[in-house]
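Biologist: I have a chain open here and would like to go through it with you. Can we start with the terms and then look at the parts?

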Amino acid sequence: MGSPAALVGSGTALIAATYGLVRLAYGLFLPDVQHAIGLGDGPAGWIASGSSVVYCVGALAGFLVAPTHPRTAVVLAVLTAGLGVAGMAASTGPLGFGVAAVVSSAGGGAGLPPHSSDSSSGT
């Protein structure tokens with residue numbers, strides 16, 4: 001197992017990327033995105049709601065997987081957040097953007113459990 005400082009640093013970076021850059025950026029850039037792709041207020045709200053639900057599903061998956069396979073939970077977080085953000089950047093319409101935004105939120109949920117005190121003591 002690495003040093004505590006390395007664990008704190010890597011955990012902070014993972015959460016900053018999967019939660020901060022993915023979930024929080026949605027809200028920060030929403031006015032620009034709405035204008036650029038013609039996303040209405042109603043669909044934007046549904047995307048935000050779906051993202052919250054998928055965040056919870058990601059967290060549940062992370063809590064189930066992390067105690068025995070913490071690296072798998074980290075990979076799940078990175079893949080869902082990374083692929084979702086790439087999809088958001090590549091989308092040209094509301095549907096593609098919405099699906100990608102919702103998928104990317106799973107990363108924020110799945111990223112936290114591998115760094116909790118119970119699961120980080122595993123492999």
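Modeller: Start with exposure: buried means under 20% relative accessible area, exposed means over 50%, and partly exposed is in between. Keep in mind that this is a predicted model.

Biologist: Then is Ala61 buried, exposed or partly exposed, and why?

Modeller: Ala61 has a relative accessible area of 24%. Buried needs under 20% and exposed needs over 50%, so Ala61 is partly exposed.

Biologist: Where does Ala61 lie?

Modeller: Ala61 lies in helix α2.

Biologist: How many residues does α2 have, and how far does it reach?

Modeller: Helix α2 covers residues 41-65, which is 25 residues. From first C-alpha to last it reaches 36 Å, close to the 36 Å expected at 1.5 Å a residue.

Biologist: Which residues of α2 are buried?

Modeller: Ala44, Ile47, Ser51, Gly58, Ala59 and Gly62 are the buried ones in α2.

Biologist: And what covers them?

Modeller: The cover includes three helices: α1 (4-37), α3 (70-90) and α4 (94-111).

Biologist: Pick Ile47. What does it touch?

Modeller: Not counting residues up to four places away in sequence, Ile47 touches Tyr26, Leu39, Phe97, Gly98, Ala101 and Val102. Ile47 is buried because its relative accessible area is 8%, and the cut-off is under 20%.

Biologist: How far apart are Ile47 and Phe97?

Modeller: In sequence, Ile47 and Phe97 are 50 residues apart, while in space they are 9.1 Å apart, C-alpha to C-alpha.

Biologist: Which residues make up the largest nonpolar core?

Modeller: That core has twelve residues. They are Tyr26, Leu30, Val33, Ile37, Leu39, Ala44, Ile47, Met88, Phe97, Ala100, Ala101 and Val102. At least two residues of this core come from each of α1, α2 and α4.

Biologist: What about Ser51, buried or exposed?

Modeller: Ser51 is in helix α2. Its relative accessible area is 6%, so Ser51 is buried. Leaving aside neighbours within four places in sequence, Ser51 is in contact with Arg23, Ala101, Val102 and Ser105.

Biologist: How far apart are the end C-alpha atoms of α4, and what span should its residues have?

Modeller: The end C-alpha atoms of α4 are 26 Å apart. At 1.5 Å a residue its 18 residues should span 26 Å, so the two values agree.

Biologist: On to Thr80. Where is its place?

Modeller: Thr80 is in helix α3. Thr80 counts as buried because its relative accessible area is 15%, which is under the 20% cut-off.

Biologist: What does the side chain of Thr80 reach?

Modeller: It reaches the backbone oxygen of Leu76, at 2.9 Å. Apart from neighbours within four places in sequence, Thr80 is in contact with Val103, Ser104, Ala106 and Gly107.

Biologist: Which residues line the second largest pocket?

Modeller: The lining consists of Leu21, Val22, Ala25, Tyr26, Phe29, Val33, Val85, Met88, Ala89 and Phe97. The largest share, six residues, comes from α1. Tyr26 is in this lining and is also one of the residues of the largest nonpolar core.

Biologist: Last one: where does Pro113 lie?

Modeller: Pro113 lies in the segment after α4. Its relative accessibility is 1%, so Pro113 counts as buried. The C-alpha atoms of Pro113 and Pro70 are separated by 8.0 Å, with the two residues 43 apart along the chain.

Methods: Residues numbered from 1 in each chain as written. Predicted model: local features only at pLDDT ≥ 70, side-chain atom pairs only at ≥ 80, totals over all residues. Heavy atoms only, no water. Helix = DSSP H or I, 4+ residues; strand = E, 2+ residues; numbered from the N terminus. Expected span 1.5 Å × (residues − 1). Buried < 20%, exposed > 50% of the residue type's maximum accessible area, 1.4 Å probe, protein only. Contact = heavy atoms within 4.5 Å. Core = buried A, V, L, I, M, F, W, Y, C linked by side-chain atoms within 4.5 Å. Polar contact = N/O pair within 3.5 Å; in protein donor to acceptor, adjacent residues only side chain to side chain. 1 Å grid on protein atoms, 1.4 Å probe; cavity = no way out; pocket = protein on both sides within 12 Å on 5 of 7 lines; lining within 4 Å.
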